[in-house]
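Today I went looking for charged side-chain pairs. My notes follow the structure below.

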Amino acid sequence: MVDCLGCRIAHGLEPTYIIYDDELVTCVLDIDPFNEGHMLILPKQHIRELEEMDEELSLHVMKTSQLCANVLKQRYGADGITICKNGGVFNDLGHYHMHVIPRFIGDGFTWSESQFDTGAKQRLAETAANLKIYFHRVLGKS
């Protein structure tokens, strides 16, 4: 899709730093990295959300994330790897992309706690029971 920035990046039509490329995905350096080596995995097929991916592509993205993590650990001696994906209104590319971020002790990267008490912690049992019902519905089980 010419009007999709993610597609243009995945197909090498935008100025980027492509570091890995195969028939299904392209890996590029993030233009605003948390740490050196922070990369994005983008499918070449136009996909907006994780749940739109077929099993083959989903598995390929995960295998590529393993490859990227291995490379980052070898190259930078990373203490760990953070992998994440932002969806819906938080997807700033309008195209599925997975972040693979090398992490280091004391790097300042945080997964912050919510600043608002939503009461979710007090409803864990209720939430679990409710979500199990939805898993059964999605999986077609009674």
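**Salt-bridge notes**

I started with Glu49, which is buried at a relative accessible area of 13% (buried is under 20%, exposed over 50%, partly exposed in between; 1.4 Å probe, protein chains only). Before going on, I noted that this is a predicted model, where local features need pLDDT of at least 70, side-chain atom pairs count only at pLDDT 80 or more, and totals for chains, interfaces and linings use all residues. Residues are numbered from 1 along each chain as its sequence is written, and side-chain values use heavy atoms, with hydrogens and water left out.

What does Glu49 pair with? I found a salt bridge to Lys85, with the closest N and O atoms 3.0 Å apart (that is, a side-chain nitrogen of Lys or Arg within 4 Å of a carboxyl oxygen of Asp or Glu). Glu49 sits in the loop between β3 and α2, and Lys85 in the loop between β4 (80–84) and β5 (98–103), 36 residues apart. Helices (H or I, at least four residues) and strands (E, at least two) are DSSP runs, numbered from the N terminus. I have Lys85 as partly exposed, at 24%.

Next I checked Asp21 and Lys44, whose side chains meet in a salt bridge at 2.9 Å, N to O. Asp21 is in strand β1 (residues 18–21) and Lys44 in the loop between β3 (39–43) and α2 (55–76), so the pair ties together parts 23 residues apart in sequence. Asp21 is partly exposed at 44%, while Lys44 is buried at 18%.

Then I looked at Arg103, which bridges to Asp107 at 2.9 Å between the closest N and O atoms. Arg103 counts as buried at 18%; Asp107 is partly exposed at 23%.

My tally for the structure is four salt bridges.
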